Amino acid sequence: MRKGSAVFFFAYWGAPAGEPRWRDILSRRAAWLGLQSHTFSRALADGQAFAFGWASMRPPDTDALVREDDGRLTIIPLDTLSRAEALAQGSPRGFETNAIRMDVSLLSGEVRVAVPILTVEPFYYARDGDGWAFGNDLRLMVDWAGLWLHAQGVYSMFQCDYVPPPYTLSETVRRVRPGHVFTLHPDGSPSEWQFFRPDDMVAPPDDSEPVERVRHALDSVLRQVGRPAVVHFSGGVDSGLVAARLAALGRTDVRLHNFTTGSESDPFYSLAQDMATHVGLSCERVLWNPSAIPDMLRNLAREYAVPVPDPAFLPTLALVRDTEQWDEAPVMIATGTSAGHPFDTAFRLGPWRKVYAVPYPLRYLGALTYRLWFWRRQGTAARATSTLQRSMEFTVMQNAAFLHGTLRGVAYDIPPDVRAAMWDVLEEAQMRPTEGMSPGDRVAMAAMLRHGTHMCGARPFDPLRRRGALAVHAFMEPQMIRTAFSIPWHVKRGNGEGKALLKALLAQSVPREWVYRKRQPFLTPFRDVFTHPRIREMVGDVVLSSGNALLAFCRPDGVREVFARALAGETLHVGAQRFVWVLTTLSLWLEQMRG
């Protein structure tokens with residue numbers, strides 16, 4: 001990471017008597033993570049204390065991350081490519097940075113935290129008898145405030161694969177909503193207001209060709225990638241374009257890092273190496289190894305500050321761990337994460353509108369057959385009935401933006417009052433910030449707010465920052481997003497081709513047949529994982545244990561049947577598989593936190 005980087009941030013505002021406990025929490029958690037704690041303190045004019053610090057591999061460069069003048073302290077909790085833009089803003093505005101900024105008045109004691117709309121970095125706050133704690137690591141926050149499972153948070157994980165802010169898994173901790181400013185006023189009262197506006201997403205008018213506009217925006221991001229650097233590289237369009245543009249910029253030092261099954265049946269087994277050779281970059285490979293998975297799951301809470309239930313975290317974590325064997329560890333890892341959201345996701349809306357055109361009674365019956373039978377199956381009928389089940393759970397816009405929950409009524413039920421509250425929070429977090437946008441832009445933005453920042457973007461984020469490296473999601477950087485949203489959708493999908501502009505740009509660097517071949521993404525082999533003897537034992541000891549507090553939120557018979565099929569290697573629909581991943585990763589994370 002760059003010289004100014006720091007990792008897990010933690011701060012305290014309140015009575016001086018509470019500061020020693022805050023320091024002890026940061027020190028203990030840092031040691032548990034294999035890191036060191038670095039703390040700083042300031043006295044506020046009213047006699048209160050403000051302390052802040054990081055758990056990190058190296059002492060933070062406070063000259064880069066902290067500014068103090070005219071009685072005001074400004075802190076960037078985690079370095080990003082756009083740190084300078086965050087520091088330059090007199091007040092939060094627009095979409096110019098992905099860096100969170102904290103301002104503290106040493107005279108009045110006011111604390112203000114601005115959280116950009118598409119940052120992968122979360123920011124939390126909690127209160128106890130001595131004062132307030134703030135941080136970008138949920139583990140530190142629950143160390144401070146306690147871990148009391150929040151029903152809405154648990155059911156949101158089951159239903160949506162994430163907890164929409166302002167809630168978290170714990171009743172004691174809240175999260176600042178992206179695109180908002182949180183203010184702790186001098187009298188100790190909190191408030192929050194939205195500074196993001198949809199108009200902020202659009203770049204100024206530009207008469208140049210759309211492909212050239214995309215190239216210019218992407219290159220402006222990639223020029224900031226530090227050395228040494230790595231690209232998480234599948235050989236597909238998104239990561240292929242990142243690699244090709246870095247090579248075109250003369251970055252022959254960049255290494256490509258490819259995850260593969262290592263078999264000839266892997267469609268990208270040879271393509272990734274061929275593409276790397278063609279653009280002139282070296283390519284390192286990591287092979288799928290089921291025997292490594294138990295250790296990854298046993299250390300889940302060390303790798304992730306909040307559970308990531310997407311099974312693709314396993315290949316990502318394998319790539320990150322592999323760099324520990326290198327002579328020179330990378331400081332930045334570039335990815336193609338979320339490229340499809342601003343360039344292609346809007347076209348999911350049409351097929352989903354056709355689903356909702358099916359009369360309600362037929363959709364209800366189809367959903368019922370899924371819950372009664374087809375969650376156990378794969379194939380056309382299972383896909384069709386699961387689609388109808390999802391149409392009963394979410395709105396057309398939410399489904400087009402990648403929401404997935406299908407096992408309500410099988411493995412869990414949601415009390416009506418909790419479900420109503422969940423619905424309100426989901427709308428507030430995912431759809432409210434998109435009001436005023438076109439339908440296509442709303443779907444793309446909602447997909448980035450949930451799938452981009454909480455799933456794809458989150459997979460490498462915590463493991464990399466724990467190792468002192470920065471994840472650079474080039475297609476989620478402000479200049480790239482503004483460019484994408486300024487191009488009409490019919491241009492972005494010319495001739496009906498998905499990601500048309502990205503493919504056209506990549507085809508300038510590699511043979512066209514590599515670009516326009518049908519993509520087959522790597523899917524984590526579900527059966528390989530859950531039939532592994534050590535993982536079966538882990539599931540029995542933790543996930544299905546009578547001491548697992550999460551089972552209080554489940555239907556016991558349904559959970560037993562779903563997991564019995566998973567552990568026996570029997571067929572499960574992908575929706576049921578997702579629930580198995582969610583309950584497993586969440587149970588293991590909680591058990592490791594409490595242990």
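**Cysteines, backbone exceptions and a helix crossing**

In this predicted model, the count of disulfides comes to 0. Cysteine 160 takes part in no disulfide, and the nearest cysteine sulfur, which belongs to cysteine 554, is 15 Å away. For cysteine 456, the closest cysteine sulfur is that of cysteine 160, at 16 Å. Because a disulfide requires two sulfur atoms within 2.5 Å, the sulfur of cysteine 456 is too far from that of cysteine 160 for a bond. Cysteine 160 is buried, with a relative accessible area of 3%. Cysteine 456 also counts as buried, at 11% relative accessibility.

Cysteine 160 belongs to the contact between helices α5 and α17. Helix α17 spans residues 416-431, and its axis comes within 10 Å of the axis of α5. The two axes cross at roughly 70 degrees; α5 and α17 are therefore roughly perpendicular to each other. On the α5 side, the contact is formed by Ala151, Gln152, Tyr155, Ser156, Gln159 and Cys160. These residues meet Val418, Ala421, Met422, Val425 and Leu426 of α17. By class, the residues of this contact divide into 8 nonpolar and 3 polar, with no charged residue.

The backbone was then examined for exceptions. Most peptide bonds are trans. The bond from proline 165 to proline 166, however, is cis, with omega near 20 degrees. Proline 166 is located in the loop that runs between α5 (151-160) and β10 (174-175). Another cis peptide bond joins arginine 227 to proline 228, where omega is about -10 degrees. The loop holding proline 228 lies between α6 (210-222) and β13 (229-232).

Most residues other than glycine have a negative phi. Aspartate 70, although not a glycine, has a positive phi of about 55 degrees. This aspartate is in the loop between β4 (66-69) and β5 (72-75). With a relative accessible area of 77%, aspartate 70 is exposed. Lysine 499 is likewise not a glycine, and has a positive phi of about 55 degrees. Whereas aspartate 70 is exposed, lysine 499 counts as buried, at 17% relative accessibility.

Note on methods. Residues numbered from 1 in each chain as written. Predicted model: local features only at pLDDT ≥ 70, side-chain atom pairs only at ≥ 80, totals over all residues. Heavy atoms only, no water. Buried < 20%, exposed > 50% of the residue type's maximum accessible area, 1.4 Å probe, protein only. Helix = DSSP H or I, 4+ residues; strand = E, 2+ residues; numbered from the N terminus. Axes fitted to C-alpha atoms, helices over the stretch in contact; angles between N-to-C directions. Parallel < 35°, antiparallel > 145°, perpendicular 65-115°, else oblique. Contact = heavy atoms within 4.5 Å. Nonpolar A, V, L, I, M, F, W, Y, C, P; charged D, E, K, R; others polar.
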